[in-house]
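Open the structure in your viewer and keep the selection panel at hand. The stops below go from the ligand to a strand and then to an annotated stretch.

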Amino acid sequence: MSRVDSWLVTAGLSKYRTAFAGMHEQFFLELMMQDFVKYGVVDQGDKHRLYKAIKQARAVVGPCEDAQDSSSFSYSNYDLQGGSGSDLLDLDAHDGDLIEGPIQPFQVSPVGEAARAAAGQQQGGQQLSDSKIRVVVRKRPINKKEVERGDEDVVEMDMRNSCVLVNETKLKVDLTKYAERHQFNFDEALDEYVTNDQVYRVTVEPLVHTLFHNGKATCFAYGQTGSGKTHTMSPLPIRAAADILQYLVRPELRDVSLFVSCFEIYGNKCFDLLNMRKKLNILEDGKKKVCVVGLKEHTVNDVEVVKQLIEEANHRRSVGSTAANADSSRSHSIMQFALKRFIAGGAHCRLVGKLSFIDLAGSERGADTFDNNRQTRLEGAEINKSLLALKECIRALDSDARHVPFRGSKLTAVLRDSFVGETARTVMIANISPTATCVEHTLNTLRYADRVKELRKDKAERAPGGVTPGDEMYHAAAQRAAVNLPPPNPYGGGSSSDLSSHDGLVLQRPPALQPPMQQQAQYQQYQQQQRSAAAAPLPPRSRQPGMPGGVAGGAEAGIMHEWSSPEELYDEEAEEEELEHEHGELMESILEDEEEIIALHRQQIEDAMEIVRREMAMLQEVDQPGSSIDQYVDSLEAVLAQKLDGIRKLQGRLDRFKNKLRQEDLMSRTVQKKQSTIQRI
Ligand SMILES: Nc1ncnc2c1ncn2[C@@H]1O[C@H](COP(=O)(O)OP(=O)(O)OP(=O)(O)O)[C@@H](O)[C@H]1O
């Protein structure tokens with residue numbers, strides 16, 4: 001009996017001995033899960049048994065003799081589990097920190113410190129308690145086009161107090177304009193003059209330290225399309241790699257190497273951005289850990305290589321976008337740094353630290369759920385689902401909740417490994433655009449970021465830059481002040497078009513910051529206005545400028561509105577809300593069914609292949625002299641019945657799915673109609 005035979009027998013997989021007959025044991029040991037089907041192993045239980053058998057056999061046999069470079073690490077490295085997940089790469093199995101000293105808590109940034117120093121406020125590198133999450137907001141500069149079309153900069157970043165102020169233009173009942181001011185507090189508010197280097201220092205630099213403490217860290221950029229996510233994220237891995245490689249020069253770390261991988265999640269599919277967009281499978285192993293199967297990892301010894309890999313990944317992302325008739329903002333891109341220590345004389349390696357950089361899909365895409373095109377609607381629903389799941393997971397983690405809903409989406413499922421554990425740290429960068437046109441998306445981004453930090457352990461403890469939790473201005477929901485005039489430029493420099501242009505972007509830091517804004521006075525003014533407004537008749541439902549029936553469009557075009565009663569409006573809105581809710585649930589079940597039906601189809605093909613193999617054997621048998629024709633007839637009948645059964649099952653599932661799609665089509669059109677009726681009211 002060959003060794004392959006005996007491994008199969010021990011694993012209770014004797015029935016596959018013929019399929020693997022004659023296979024060289026080294027080849028057997030290098031098999032990947034996706035190869036199993038080629039050998040007729042289609043049953044999920046058998047797949048797991050085989051996977052385990054190969055793993056155990058590897059432990060006994062050791063590595064391949066020619067394992068030298070990263071590509072030939074195959075089985076000790078990534079083939080079966082990719083960068084995420086299996087127990088071969090189990091961080092929790094690691095025996096200790098790579099460097100000495102306690103894990104560094106997040107620090108108040110040098111950027112914020114400088115601003116506070118300029119304002120004569122207290123300094124001192126205070127720590128942000130033991131929170132595992134840090135929320136940083138970055139505003140991108142207004143660009144030349146926006147300035148040319150007269151779009152206003154409505155976002156003020158108060159770096160000293162780590163707060164963001166958004167001036168939303170609204171209309172009063174008498175159609176005069178006023179600016180509603182929204183204020184949000186975060187760990188850092190970075191204005192348009194902050195460089196990528198400074199962003200690195202307040203976000204990823206502390207995470208690099210975490211990495212060397214058996215840690216897992218994640219940095220992700222959230223925001224609307226064009227708000228600067230890629231601009232912010234692209235340089236971060238380069239800087240991080242430079243720092244990591246400097247650590248790795250230490251003699252005690254000479255058996256540790258840095259591996260880089262990058263993949264994209266588009267809808268519910270996954271593609272390797274550093275391996276010709278090879279489609280990757282996301283599977284659960286026997287321990288219910290999610291694995292990105294077949295993800296290629298690259299060993300990195302030089303920062304230049306990281307630069308090239310980032311370029312390649314960005315290029316692959318955009319190439320894929322064209323092919324799929326989508327754009328980069330419809331996918332999530334995930335770059336992972338894995339620190340691995342070589343053990344057993346360099347024969348195997350074990351994951352000892354992981355740092356993930358995530359450039360999320362444009363947040364506004366999640367709202368494309370009532371689009372005319374079904375594909376866009378489904379993508380929108382998937383993006384919406386993943387962004388909500390991400391927020392829920394982060395909040396659950398930081399509040400040490402027992403249940404973290406990782407299974408809520410593909411994105412969170414593959415990130416599970418990076419988020420769990422005492423040493424996990426996360427930085428969220430919320431990117432925002434400066435202009436009035438984008439104000440709605442900007443507010444959505446800030447609200448999302450606010451929710452992420454809301455349940456954080458240290459929320460009640462922190463008092464950034466003199467704003468204390470007791471202050472009326474502390475919580476965003478309570479922080480609205482209204483003024484009649486357009487807001488003053490916080491830098492006192494007149495309108496934004498006064499600023500000079502550089503490379504299409506208006507970038508020139510004003511000489512000095514103005515004194516703190518008169519928030520309290522504005523808030524009192526706002527309260528006064530609210531009191532007067534309460535006595536006034538009900539205002540029309542506010543619309544985006546330019547929308548049909550919109551206040552701005554309607555008023556400017558001189559259109560008279562026919563006012564509906566508040567009850568009528570309320571009924572319409574309640575009905576619309578109900579429908580949207582139902583539609584959301586239906587979308588959810590369509591997304592689940594889609595995966596199920598594809599899996600069923602795949603299974604059906606695998607079964608069909610198995611049947612063909614059996615039929616071939618039957619034909620061979622029946623051709624033998626003295627074969628039993630009765631046995632042949634019985635077998636053929638059984639085979640045909642199995643084929644029919646498989647087809648019927650798939651057809652039935654397909655019919656139910658088509659019904660749901662039709663229902664969804666109808667429902668999204670009804671919601672669209674309802675929305676336009678409400679707009680007309
Ligand atoms: N802080 C900044 N300084 C200078 N330019 C910036 C900054 N942020 C963004 N930009 C520029 O704004 C444009 C849009 O940025 P970017 O492509 O990073 O947006 P995005 O959020 O990644 O968009 P998408 O989701 O569509 O991929 C780019 O030309 C980028 O160079």
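What follows is a list of selections in a predicted model.

**Ligand shell.** Start by selecting the ligand and its surroundings: 15 residues surround it, and R140, G228, T230, H231 and S329 are the closest. Colour the shell by class to see 11 polar, two charged and two nonpolar residues. Next pick helix α9, residues 229-233, which contributes three residues to the shell, the most of any element.

**Strand β6.** Move to residues 216-223. Eight of the eight residues of β6 are buried, so the strand is largely enclosed by the rest of the structure. Show the side chains: in a regular strand they alternate between the two faces of the sheet. K216, T218, F220 and Y222 point one way from β6, while A217, C219, A221 and G223 point the other way.

Centre on T218: S356 stands opposite in β13, and T426 is the bridge partner in β14.

**Annotated stretch.** Select G223, Q224, T225, G226, S227, G228, K229 and T230, which the unreviewed UniProt entry annotates as "binding site". Within this stretch, T225 is in the loop between β6 and α9. T225 is partly exposed because 17 other C-beta atoms lie within 10 Å. Leaving out residues up to four places away in sequence, T225 touches S329, G362 and E364. Finish at T230, in helix α9; T230 is partly exposed, with 16 other C-beta atoms within 10 Å.

Definitions and conventions
Residues numbered from 1 in each chain as written. Predicted model: local features only at pLDDT ≥ 70, side-chain atom pairs only at ≥ 80, totals over all residues. Near = placed C-beta within 6 Å. Helix = DSSP H or I, 4+ residues; strand = E, 2+ residues; numbered from the N terminus. Nonpolar A, V, L, I, M, F, W, Y, C, P; charged D, E, K, R; others polar. Buried ≥ 20, exposed ≤ 12 C-beta atoms within 10 Å, placed from the backbone. Pairing = 2+ DSSP bridges. UniProt positions renumbered as here; feature names shortened; annotations may be inferred. Contact = placed C-beta atoms within 7 Å.
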